Amino acid sequence: MTGVFFRTEPLGGRSRGLFCCGVDALDRYFHRQVSQDIRRRLTACYVALCGDSERICGFYTLSACHIALPDLPAEITRKLPPYPAIPAVRVGRLAVDRDFRGQGLGSAMLVDAARRVIESDIAAFALIVDAKDAQAVAFYEHHGFLRLAVEGEARTLFIPLKGIAARLKQE
């Protein structure tokens with residue numbers, strides 16, 4: 001990142017009105033829907049705050065999900081028990097405010113999401129994302145995500161948490 005300090009915390013009751021990532025669906029969700037999803041326990045939302053201020057620079061959501069075993073590559077399933085599905089955590093939405101793009105915040109939030117899942121002690125094999133477009137697919141693949149073998153779901157990617165946990169321990 002370029003000299004700007006960010007901290008990540010649960011959304012709580014923070015004002016979301018100034019946040020604008022420029023993607024209508026993400027902005028609308030963050031402004032109008034995320035609080036309802038949190039109250040219904042459908043998702044958890046974390047925000048990146050700029051420096052010591054309360055300015056929201058980015059956000060991501062986490063929710064429980066599963067991966068059907070046949071959707072994983074064969075080289076991975078060989079090492080797993082023959083369950084019909086395995087537990088995972090979905091990074092449902094991840095967005096950076098327009099004013100903070102290009103500073104590594106998206107990558108930092110992805111690492112923060114992985115760290116939260118790993119440190120929670122709740123069993124999960126992988127993180128899953130549904131990339132919204134080819135640019136998002138490239139972003140996630142750059143960070144080691146692999147495509148799931150789900151027919152018609154070319155933009156659903158995953159990364160096993162075991163490898164991330166080992167890398168985080170080295171930091």
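**View 1. Helix H3 and the residue that follows.** Helices here are DSSP runs of H or I with at least four residues, strands are runs of E with at least two, and both are numbered from the N terminus. This is a predicted model, in which local features need pLDDT of at least 70 and side-chain atom pairs count only at pLDDT 80 or more, while totals for chains, interfaces and linings use all residues. Residues are numbered from 1 along each chain as its sequence is written, and side-chain values use heavy atoms, leaving out hydrogens and water. Among the buried residues of H3 are Leu105, Met109, Asp112 and Val117, where buried means under 20% relative accessible area, exposed over 50% and partly exposed in between (1.4 Å probe, protein chains only). Asp121, which follows H3, has a positive phi near 65 degrees.

**View 2. Arg14 in the loop between S1 and H1.** Arg14 lies in the loop that runs between strand S1 (6-10) and helix H1 (24-39), and its relative accessible area of 18% makes Arg14 buried. Its side chain makes a polar contact with the side chain of Glu9 at 2.3 Å, a polar contact being a pair of N or O atoms within 3.5 Å, of which, within protein, one must be able to donate a hydrogen and the other to accept it, with residues adjacent in sequence counting only if both atoms are side-chain atoms.

**View 3. His31 in helix H1.** His31 belongs to helix H1 and, at 30% relative accessibility, counts as partly exposed. A polar atom of the His31 side chain lies 2.9 Å from the backbone oxygen of Phe19.
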